Amino acid sequence: VQLQASGGGLVQAGSSLRLSCAASGPPGRTFSRYTIAWFRQAPGKEREFVSGMFRSDTRTYYSDSVKGRFTISRDNAKNTVYLQMNSLEPEDTAVYYCAADLNLILSSFRTHDNYDYWGQGTQLTVSS
């Protein structure tokens, strides 16, 4: 599957922004079967899990640093996953990546090394 992330930009602290990740894949692969996640990587730091949805489960998962501010959602009809980000902080500045995989288990889906498919990343810069 190919992933295309978009929606990043330069915003002020306290602002909101929505990232999108559009997926296009081989025929016959149902997008809803993919585990999808957002990761981010700030300069000099490891890539970290932000949020995800496990396969067709409707539950959402978040890192502690974004819980209550970010909301992940997916539109399987449009093969798109979104990350709504509210109350942005300078610490949220990073390149944001969407990722997808068909074969993860729940205990491993917060680990970026386990994902087979990645979008190209979109830069978010939050100024104070």
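From the N terminus on, the elements of the protein chain run β-β-β-β-β-β-β-β-β-β-β. That makes 11 strands and 0 helices. The assignments are DSSP runs, numbered from the N terminus: E over at least two residues for strands, H or I over at least four for helices.

Ground rules, quickly. This is a predicted model, where local features need pLDDT of at least 70 and side-chain atom pairs count only at pLDDT 80 or more, while totals for chains, interfaces and linings use all residues. Residues are numbered from 1 along each chain as its sequence is written, and side-chain values use heavy atoms, with hydrogens and water left out.

Overall dimensions next. The C-alpha trace spans about 45 × 25 × 25 Å along its principal axes. The radius of gyration is 14 Å, which agrees with the value near 14 Å for a compact globule of 128 residues. That radius is taken over C-alpha atoms, and the globule rule is 2.2 Å times the number of residues to the power 0.38. Of the 128 residues, 45% count as buried. Buried means under 20% relative accessible area, exposed over 50%, partly exposed in between, with a 1.4 Å probe and protein chains only.

Now contacts, meaning heavy atoms within 4.5 Å. Take those with a separation of 6 or more: residues 24 or more positions apart account for 59% of them.

On to the sheet. It is open, has 4 strands in the order β1-β3-β8-β7, and pairs antiparallel. Pairing here requires at least two DSSP bridges between two strands. β1 (2–6) and β7 (70–75) are the edge strands, each pairing on one side only. Neighbouring strands are turned by 15 degrees against each other on average, direction ignored. The axes behind that angle are lines fitted to C-alpha atoms, for helices over the stretch in contact, and angles run from 0 to 180 degrees between N-to-C directions.

What does β8 pair with? β7 joins β8 (residues 80–85) in the antiparallel sense over 6 bridges. β3 and β8 also run antiparallel, joined by 6 bridges. β7 and β8 form a hairpin with 4 residues between them, and Asn-79 in the turn has a positive phi of about 50 degrees.

Is β8 enclosed or open? It is largely enclosed by the rest of the structure, because 5 of its 6 residues are buried.

That leads to the cores. A nonpolar core is a set of buried Ala, Val, Leu, Ile, Met, Phe, Trp, Tyr and Cys residues joined through side-chain atoms within 4.5 Å. The largest has 30 residues, and Trp-38, Phe-70, Leu-83, Met-85 and Tyr-96 touch the most other members. Strands that each supply at least two residues include β4 (35–41), β5 (48–53) and β9 (94–101). Another core, of 9 residues, lies apart from it, with Phe-39 and Phe-109 among its members. Leu-83 deserves a click: beyond four places in sequence, its contacts include Leu-19, Trp-38, Val-50, Phe-70 and Tyr-96.

Gly-119 sits between β10 (117–118) and β11. It counts as buried, at 8% relative accessibility. Leaving aside neighbours within four places, Gly-119 contacts Leu-3, Tyr-97 and Cys-98. Ser-32 lies between β3 and β4. It is buried too, with a relative accessible area of 18%.
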